[in-house]
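Have your viewer ready and try each task before reading its solution.

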Amino acid sequence: MTESIYIKHINEERIKFYKEFFKKNNFVLCKDVLTEKGIEILKQNIIFQSDVSDKSQFCRRMFTVEDDKNDILLQFQKDTLFFFQKILGEEYSDTYLFAMEYVKDSHLTPHLDLISNGVSATVCYEADKKYPIFVGKKYYTNNSINRIDIQITEEEKQNSFLIDADVGDIAMFNGRNYLHWRDKAEDDVSYKAVLTHYWKPFDWIDKEKLKENYIEGEHLYNESYHERYPSLKYKILKEKNSEAETKDN
Ligand SMILES: [Fe+2]
């Protein structure tokens, strides 16, 4: 297996288990996969603002690529891509990422993710309490480019998976087609994670069916994403897109 700063050596049997579990359940929790060294690097370099950045819904502290003077997030993304690709498939590429600290009053309303976020991963590197995410079991066809909030029934809420990523664990799930949410954190909590996202473009883009106008170069393809996230390889994706169109016709 590739030498990695952040991911422990994991044998092929375990990788196969994760891969099959994800395929079957649309989520997987990979326990104790981060290295001690990797955890330390994240702890030392990700410094959250003391203010909560988003009081309106999430009540969270964010650390983005713009805050990241040492490019720790981009290094993390590059170093760990092999691991996600082993589980999801090599055709997946990384899109955007940021770090998040959930604190008291944080919550996350049930929603489906935006188009560039086919698979979400929560990489927990520091936490003083548990703060699980719930993933629903009902499949939603999603023809929206944007994130959409959805009213959830009590039945759906009860019939969900609780994914409890502790320090050193990575949880990943298909947030495009399955509702996911976090309950309001009533207690003082500090739960820190890198949230990183993956996609396999041409499975999801059916331009005929999309609810919003799909504009080439917008959303994931836009230039600001490309500058912030060089791994997106904007031009290559654009070329692939025209190939895909040719094949479809
Ligand atoms: Fe989400």
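**Exercise 1.** In this predicted model, find which residues of α1 meet which residues of α3.

*Solution.* Start on the α1 side: Ile15, Tyr18, Lys19 and Phe22 take part in the contact. Their counterparts in α3 are Lys86, Ile87 and Leu88. Now sort this contact by class: it has 5 nonpolar residues, 2 charged ones and no polar ones.

**Exercise 2.** Work out how the axes of α1 and α3 are oriented to each other.

*Solution.* Take helix α1 as residues 12–25 and helix α3 as residues 72–88. Their axes come within 8 Å and cross at roughly 60°. Angles from 65 to 115 degrees would count as roughly perpendicular, and those under 35 as roughly parallel. The two helices are therefore oblique to each other.

**Exercise 3.** Give the strand order of the open sheet, and say which strands stand at its edges.

*Solution.* The 6 strands follow the order β1-β9-β5-β11-β3-β2, and their pairing is antiparallel. β1 (27–30) and β2 (60–63) each have a single partner strand, so one side of each lacks a neighbour in the sheet. On average, neighbouring strands are turned by 20° against each other, direction ignored.

Next, look at one pair: β3 (residues 93–102) and β11 (residues 191–199) are antiparallel and joined by 8 bridges. Tyrosine 102, for one, has tyrosine 191 in β11 as its bridge partner.

Methods:
Residues are numbered from 1 along each chain as its sequence is written. This is a predicted model: local features need pLDDT of at least 70, side-chain atom pairs count only at pLDDT 80 or more; totals for chains, interfaces and linings use all residues. Axes are lines fitted to C-alpha atoms, for helices over the stretch in contact, and angles run from 0 to 180 degrees between N-to-C directions. Helices (H or I, at least four residues) and strands (E, at least two) are DSSP runs, numbered from the N terminus. Angles under 35 degrees count as roughly parallel, over 145 as roughly antiparallel, 65 to 115 as roughly perpendicular and the rest as oblique. Two residues are in contact if their C-beta atoms, placed from the backbone, lie within 7 Å. Ala, Val, Leu, Ile, Met, Phe, Trp, Tyr, Cys and Pro count as nonpolar, Asp, Glu, Lys and Arg as charged, and the others, Gly among them, as polar. Two strands pair if DSSP finds at least two bridges between them.
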